[in-house]
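Subject: Model for your files

Hello,

Here is the structure I said I would pass on. My notes follow below it.

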Amino acid sequence: MDSLVECINKGDADGIVSMFSEETKGNVETLPEDAQALIDLFQGNEITYEHIGGSEGSSSKRHSTTIKWSFHVYAGDTTYIMSWKYVEENLEDPQKVGFNRISIQEESDFDTEPMVGVEIPGITIITPDNHYDLHVKEAELQGEVYDPNKVVEYRYDYLMSWGQIFYPEWEENDATAKFKEALDNADGWRINVDTVNNKKDSISGKLPVDLSVECTQMDVQFGDIVVDENNQLYIFYDDASGVFAKLGNIEKDYTSSQPKVDAINRMMTSDDLLVTFEVIREVVED
């Protein structure tokens with residue numbers, strides 16, 4: 001975002017275009033003109049920004065990381081909402097690395113026509129006059145027909161964080177199904193666990209929900225997430241064995257922009273740590 005704002009303030013349309021992925025530059029012929037239109041939107045005012053929120057999705061199998069974020073952008077007396085999608089890494093297809101889309105609209109239009117995050121590649125300036133056509137175009141790109149009465153729910157996978165964010169690889173078993181059901185039913189789609197360091201091989205804490213899972217003797221390893229018959233949750237930073245039901249494993253290579261080993265080291269050196277399991281939902285009424 002710093003680099004994008006610098007390009008806008010300098011009037012550098014080519015710099016904005018260079019931040020887009022090769023795939024997007026190849027598919028969106030109007031990208032240079034749209035970059036200039038983005039600069040012109042602010043009428044020469046130097047812009048500043050602050051973040052609103054967003055999400056990060058990662059896959060160690062595809063070695064890819066995608067960031068979606070939204071910001072308040074301030075130009076003169078006008079406040080805008082800007083949203084973008086940026087592929088930080090994709091080892092399978094490097095042509096996708098870079099911005100995929102940037103969309104922006106005046107905040108005064110936001111309450112009536114919420115279109116921040118519109119999934120159209122390139123640069124999209126949203127106005128009260130073009131929002132319907134943009135909805136139609138977005139639906140067409142997704143192989144659908146736009147229905148103004150349709151409510152779309154975007155559900156991001158479960159994540160776990162303790163200052164950093166990690167996406168576990170979940171097991172396909174009864175214990176994990178019960179855990180996810182409990183998370184679905186939790187207030188705010190969030191389960192907090194106060195853990196203590198066992199000073200041996202793991203951190204552990206009592207789950208606030210009763211899973212009543214069947215446990216068996218098993219070996220566990222670095223990054224495993226398990227529960228026992230007493231609803232005690234363990235996250236292991238060393239190999240061990242015991243009677244557990246496995247929920248999943250924090251990915252070994254990386255799951256966010258930070259290496260997994262950083263989180264494991266933090267677990268090992270902290271006496272107590274709040275662990276949060278959470279699901280992010282974003283409901284958009286078209």
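Which residues touch the most other members of the largest nonpolar core? They are Leu 233, Ile 235 and Phe 277, in a core of 29 residues. A nonpolar core here is a set of buried Ala, Val, Leu, Ile, Met, Phe, Trp, Tyr and Cys residues joined through side-chain atoms within 4.5 Å. Two or more residues come from each of helix H6 (174-185) and strands E10 (190-197), E13 (224-227), E14 (232-236), E15 (240-249) and E16 (272-278). H6 gives the most, four residues. A second, separate core has 28 residues, among them Val 17, Leu 31, Tyr 80 and Ile 102.

This is a predicted model: local features need pLDDT of at least 70, side-chain atom pairs count only at pLDDT 80 or more, and totals for chains, interfaces and linings use all residues. Residues are numbered from 1 along each chain as its sequence is written, and side-chain values use heavy atoms, with hydrogens and water left out.

The chain has seven helices and 17 strands (DSSP runs numbered from the N terminus: helices H or I, at least four residues; strands E, at least two). Of its 286 residues, 47% are buried (under 20% relative accessible area, 1.4 Å probe, protein chains only). Of the contacts (heavy atoms within 4.5 Å) with a separation of 6 or more, 57% are between residues 24 or more positions apart.

On cysteines: Cys 7 counts as buried at 11% relative accessibility, and Cys 215 is buried with a relative accessible area of 11%. The disulfide count is zero, taking a pair of cysteine sulfur atoms within 2.5 Å as the rule.

Regards

Note on methods. Buried means under 20% relative accessible area, exposed over 50%, partly exposed in between (1.4 Å probe, protein chains only).
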